[in-house]
Amino acid sequence: MKQTKYLGVLIFLASILFIGCKNSSNSKLTSPEKTELTDSEDDWVSIWNGKDLTGWNTYFNSPFSGFDQTQEGYLGLNNPKQDVIKVVQLEDGNVIRISGTAFGMMSTEQDYGNYHLKLKVKWGKDKHVPKENDPMDSGLMYHGFGEPGSSYAWMNSHEMQIQEGYAGDWVAIGDIQMDVPSKPLDRIFYQYDENSSLRTYYSAKLFKDDRQTEYVKEGLMDSLAKMNVMKYPDKENKHGAWNEIDLICFGDSSIHMVNSTVVMRLFNSKKTSDKSPVRAGKIGLQSEGAEVFYKDIRLKKINKMPVNL
């Protein structure tokens, strides 16, 4: 059978292989307590103005052509005709709506490092090819570098997964790697466990060649496992409710939090190619086949990792 499936579908299929391990492994771990962060509100700065996309770039492939930039309908960078991402009004005010009809992203014009980021996210109703039968999917990208579209429909970056059922997972996009304390769920995939040894995760070979149209025939699932580690615990709210996301980055380390609970700690951010540290970069929000809403995106600079998390 011709291999024409897309990266998002493959990552979802990979996740299916360890869903059965999820409940049994969780029962053996002590669930972290909810953490209240009580820093002064005066320190926070909104990095989305609540009105339009000023201060952000947009980039999209064609709706929907996978990662091929030669397809008809290719939108590219800051296309004024794009309507994949726009500001809309809901009952509680203006929000960013990402339709998901084309793979791509919005990303900050500015680079950021040593910060605590907060935002709120909730799922809509619409899903699109090629992920119409998959969990709703988006992502919070950080320490992004390189040109938009330089890594699939995005850029080289860490991804804090914003996927229904998997919020807080980590995924490598492009020339990036991280060390995460983690333990095996099965013979291939791993889950975050703060008491386990560090394991390095990085992007691995998925496609046969640079056209990115045909996947490797051998070792595909192993490649996916090298670039993805599952969070613990699961703290998402039910579909339709807002989820509070915290991303804390200091130096080459980061912390993922979902609804005030730490779900992953990550260390030693660096490029895979030359092992140079990656401590800052663009912040981005993914469009990946599903309708999703974001709001209250704010950030403050920090000079150390928060204690007692």
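Among contacts in the chain between residues with a separation of 6 or more, 71% join residues 24 or more positions apart. The model is predicted. The chain has 309 residues, and 58% of them count as buried. Its secondary structure consists of two helices and 20 strands. This briefing takes one of those strands, β19, and goes through strands that pair with it.

**The strand itself**
- Strand β19 covers residues 280-287.
- Six of the eight residues in β19 are buried, so the strand is mostly covered.

**Pairing with β6**
- Strand β6, made of residues 104-108, runs antiparallel to β19.
- Four bridges join β6 and β19.
- In this pairing, S107 stands opposite G284 of β19.

**Pairing with β7**
- Strand β7 takes in residues 112-113 and is joined to β19 by two bridges.
- The two strands, β7 and β19, run antiparallel.
- Here G113 stands opposite A280 in β19.

**Pairing with β9**
- Strand β9 spans residues 137-145 and pairs with β19 over three bridges.
- The sense of the pairing between β9 and β19 is antiparallel.
- Residue G144 stands opposite K282 of β19.

**Surface of the whole chain**
- The accessible surface of the chain comes to about 13,800 Å².
- Carbon and sulfur atoms hold 46% of that surface.

Note on methods
Residues numbered from 1 in each chain as written. Predicted model: local features only at pLDDT ≥ 70, side-chain atom pairs only at ≥ 80, totals over all residues. Heavy atoms only, no water. Buried < 20%, exposed > 50% of the residue type's maximum accessible area, 1.4 Å probe, protein only. Pairing = 2+ DSSP bridges. Contact = heavy atoms within 4.5 Å. Areas by Shrake-Rupley, 256 points an atom, 1.4 Å probe, with all protein chains shown as cover.
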